[in-house]
Amino acid sequence: MSILIHPQTTAQPWNSRLAELAKQNQYPQALSLYRHMLRSSFFPNTFTFPFLLKSCALLSIPISGSQLHAHVIRTGCHPDPYTRTSLITMYSKCHLPDNARKVFDENPHWRNPTICFNAMISGYSFNSRVFDAVLLFKRMREMGMSANSVTMLGLVSGCVVPGHLSVGVYLHGLGVRLGLDGDLTLGNCLVTMYVKCGEVESARRVFDGMPARDLISWNAMISGYAQNGHARRVLELYREMRLSRLTPDPVTLLGVLSSCANLGAQRIGRQVEREIGLLGFSSDPFLTNALINMYARCGNLARAREVFDSMAEKSVISWTAIIGLTDKGLEYFDAMEKKYRLRRGPEHYSCVVDLLGRAGRLKEAMDLIQSMKVKPDGAVWGALLGACKIHKNVELAELAFQHVIELEPTNSGYYVLLSNIYSDVENLEGVLKVRVMMRERKLRKEPGYSYVEYKGKVHLFYSGDRSHPQIEEIYRMLDKLENLVKEIHQPAVKYQGKSEELLIGTGVHSEKLAIAFALLHTKSGTEITVMKNLRVCVDCHLFIKLVSKIVNRQFVVRDATRFHHFRDGVCSCKDYW
């Protein structure tokens, strides 16, 4: 850019047009208009530059920003606090915080110092330099300036990793002391901060204490629950939000759909799909992919495929979500790169390793891992380890285990899986070795639990659970089922090694309680879907097969490794899982 200075000309019509373009987020057009303004011999003033610098900041083009900085100096606009603040923000957004600090330090005698301090504090936070932001805030306080909500927002927004949580907690307390705890934007920022630091309960306390909430507040809390694995609480909060007559947006619905997928809450997922259509979000690719994932994880592959086929443009995520049966999965996996030129990542390889492993093609699965152009992650090695459990391949399991615990050393599920593999082949020394490892690393086995959805609410059951308000009725129903099972099947031996349980009288696993509850509350012929966090044991697998024949129902059980479709005494896995 070159600048021609003509003091006689007025910039106001140009500034008005620049403001309009900036308001409409048309930032490239704003910069083009400025070039046209210079060629037309019009003179920029202090009102011209903030719009242009904002455009450079949001487009992240520091070269154009530096050229504008030179124009600011040549036109004599640099003492203006708003122009200086725009320069600080521009350099910060372009990840040049040291350049921003030079602009900040150039004039120690600000006419409006608070806005410049706020801009520099926000700039440091944006670039993850939280302690520099705090030091500048301390200097601001020492100079006798009072902090406002903008100051606090700049500080809190930088505390989004667990290592900065203590600073965030201090700032939260300071905001309360300054009387800013009723500020809606600051409240939303605090909820987000606690969520990103993994402190979901603290986030909820802030959320509950807010005198007013907007859609951003609800989305922050719903997304926080979803990202931290609290799927049931997502659905509870979503119901509460709908009762407040607030209309959801795509961010809300993404959080809800991911939770429906985790819980197998297909009925709620269908309601969300209808809302997506009514609200005009049907073309949103993120929501469409979330729908595919939700239906697939709820066992409704037919509907997942219908949604997939209806998509005008299919992304990498879409293809990942739809991979299912072995031959079809390999076909899709091959087509991704050769036909659609899509880059395959670890998440795609883990799907295919899982497919090959379940089919017993362990050598092909291992060859695929070794051929990967990207580093295999924990999910890839975990898929291979799971396949080794199915096929009792101890040697390959030990290799997969060594890789997976290097990547995820605290994931107790992998230790339990290897222990079960050793148990299946009666390698008691191996079982003991794994237990010692877990004890040394202070790891505990995750307790077993199951979910079942009824009337839009998810009911959770643990093994041996007696906390449900209808527990007496549930156990009575379970007793009837077990007596009927005994009449047609009397087990005399254990089923697949010493780690498995006898059919009757070994304690009540969570999936049995979930099925008994569902049978109490659903009509004859209704399909029942149960979601379980651990692998279903032989005892429960046989029990559900026999119950499906006795009551003439279809049960869909999604455990930690696969879907089981039980109908008329037979499971889709053919007792091979």
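User: Before we start, what does "buried" mean here?
Analyst: Buried means under 20% relative accessible area. One thing to keep in mind is that this is a predicted model.

User: OK, so is Phe461 buried or exposed?
Analyst: Phe461 comes out at 0% relative accessibility, so it counts as buried.

User: And which residue is its ring paired with?
Analyst: That would be Phe517. The two ring centres are 5.7 Å apart and the planes sit at 50°, so this pair is called tilted. It links distant parts of the chain, with Phe461 in strand 2 (residues 457–462) and Phe517 in helix 28 (residues 510–521), 56 residues apart.

User: Is Phe517 buried or exposed?
Analyst: Phe517 is at 2% relative accessibility, so it counts as buried.

User: How many aromatic pairs are there in the whole structure?
Analyst: The search finds 10. One of them is Phe401 with Tyr415: the centres are 5.3 Å apart and the planes at 85°, so that pair is edge-to-face.

User: Where do those two sit?
Analyst: Phe401 is in helix 24 (residues 394–407) and Tyr415 is in helix 25 (residues 412–424), so the pair ties together parts 14 residues apart in sequence. Both residues are buried.

User: Which residues make up an aromatic cluster?
Analyst: Tyr449, Tyr451 and Tyr462 form one together.

User: Switching to charges. Which ring does the charged end of Lys93 sit over?
Analyst: The ring of Phe126, with the charged end 4.5 Å from the ring centre.

User: What holds paired strands together in general?
Analyst: Strands of a sheet pair through backbone hydrogen bonds, and they can be parallel or antiparallel.

User: What sits between strands 1 and 2?
Analyst: They form a hairpin with two residues between them. Lys455 is in the turn, and its phi is positive, about 50°.

User: What's the strand order in the sheet?
Analyst: It goes 2-1-3-4-5-6, an open sheet of six strands with mixed pairing. Strand 2 and strand 6 (570–571) are the edge strands, and each pairs on one side only.

User: How many bridges join strand 5 to strand 6?
Analyst: Two, and these strands run antiparallel, with strand 5 covering residues 563–567. Arg567 stands opposite Val570 in strand 6.

User: Which residues line the largest one?
Analyst: Arg232, Leu235, Glu236, Arg239, Lys457 and Val458. Helix 14 (231–243) and strand 2 are the elements that each give two or more residues to that lining. Helix 14 gives the most, with four.

User: What about the classes of those lining residues?
Analyst: Four are charged, two are nonpolar and none are polar.

User: Last one. Where is Pro97?
Analyst: Pro97 is in helix 6 (residues 97–106). At 8% relative accessibility, Pro97 counts as buried. Its C-alpha atom is separated by 68 Å from that of Val551, which is 454 residues away along the chain.

Methods
Residues numbered from 1 in each chain as written. Predicted model: local features only at pLDDT ≥ 70, side-chain atom pairs only at ≥ 80, totals over all residues. Heavy atoms only, no water. Phe/Tyr/Trp six-rings, centres within 6.5 Å; stacked < 30°, edge-to-face > 60°. Buried < 20%, exposed > 50% of the residue type's maximum accessible area, 1.4 Å probe, protein only. Lys NZ or Arg CZ within 6 Å of the ring centre and 35° of its normal. Pairing = 2+ DSSP bridges. 1 Å grid on protein atoms, 1.4 Å probe; cavity = no way out; pocket = protein on both sides within 12 Å on 5 of 7 lines; lining within 4 Å. Nonpolar A, V, L, I, M, F, W, Y, C, P; charged D, E, K, R; others polar.
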